[in-house]
Amino acid sequence: MNVKIFSKNNCMQCKMVKRFLAENKIDFEEVNIDEQPEAISWLKDQGFQSVPVITSDAATVIGFRPDQLRHLAS
């Protein structure tokens, strides 16, 4: 499964999501909007106004939502 997290520096929820994914052995690609500002346009075009945004083939999760993130492991 292709999991991508859009994050930014100094974002506690972003750090919590990355730690949750790592602890549950879910591979992910990180897109840091502070380092890749071009991703901000894509996020806004999709209607997102804050990070973290976690996308996968199966679902999109906004924020640190362990109940929803667990589904990415299956």
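**Sheet, helices and side-chain pairs in the predicted model**

Phe20 is buried, with a relative accessible area of 9%.

Two aromatic pairs are counted, that is, 2 in the model. One of them is stacked and joins Phe6 to Trp42, with 5.2 Å from centre to centre and 15° between the planes. This pair connects distant parts of the chain, since Phe6 belongs to strand β1 and Trp42 to helix α2, 36 residues apart. Phe64 is partly exposed, with a relative accessibility of 24%.

The strands form an open sheet of 4 members in the order β2-β1-β3-β4, with mixed pairing. Strands of a sheet pair through backbone hydrogen bonds, in either a parallel or an antiparallel sense. Between strand β3 (residues 53–55) and β4 the pairing is antiparallel, over 3 bridges. Within these strands, Thr55 is found opposite Thr60 in β4.

Two helices lie against the strands. Helix α1 lies across β1, β2 and β3 and runs at about 160° to β1. Helix α2 also lies across β1, β2 and β3, but its direction is at about 105° to β1.

Strand β1 (residues 4–7) includes Ser7. Ser7 counts as buried because its relative accessibility is 0%, under the 20% limit. Leaving aside residues up to four places away in sequence, Ser7 is in contact with Cys14, Lys18, Glu30, Val31, Asn32, Ile33 and Val51.

Two of these contacts of Ser7, Lys18 and Glu30, are also joined to each other by a salt bridge, in which the closest N and O atoms are 3.0 Å apart. The bridge links distant parts of the chain, with Lys18 in helix α1 (residues 12–23) and Glu30 in strand β2, 12 residues apart. Both partners are partly exposed: Lys18 has a relative accessibility of 22%, and Glu30 has a relative accessible area of 34%. The count of salt bridges comes to 2. The other is formed by the side chains of Asp67 and Arg65, at 3.7 Å from N to O. Asp67 is partly exposed at 43% relative accessibility, as is Arg65 at 36%.

Glu35 is placed in the loop between β2 (29–32) and α2 (38–45). With a relative accessible area of 60%, above the 50% cut-off, Glu35 is therefore classed as exposed. Glu35 and Pro66 are separated by 31 residues in sequence and by 26 Å in space, from C-alpha to C-alpha.

Definitions and conventions
Residues are numbered from 1 along each chain as its sequence is written. This is a predicted model: local features need pLDDT of at least 70, side-chain atom pairs count only at pLDDT 80 or more; totals for chains, interfaces and linings use all residues. Side-chain values use heavy atoms; hydrogens and water are left out. Buried means under 20% relative accessible area, exposed over 50%, partly exposed in between (1.4 Å probe, protein chains only). Contact means heavy atoms within 4.5 Å. A salt bridge is a side-chain nitrogen of Lys or Arg within 4 Å of a carboxyl oxygen of Asp or Glu. Rings of Phe, Tyr and Trp (its six-membered ring) pair if their centres lie within 6.5 Å; planes under 30 degrees apart count as stacked, over 60 as edge-to-face and the rest as tilted. Two strands pair if DSSP finds at least two bridges between them. Axes are lines fitted to C-alpha atoms, for helices over the stretch in contact, and angles run from 0 to 180 degrees between N-to-C directions.
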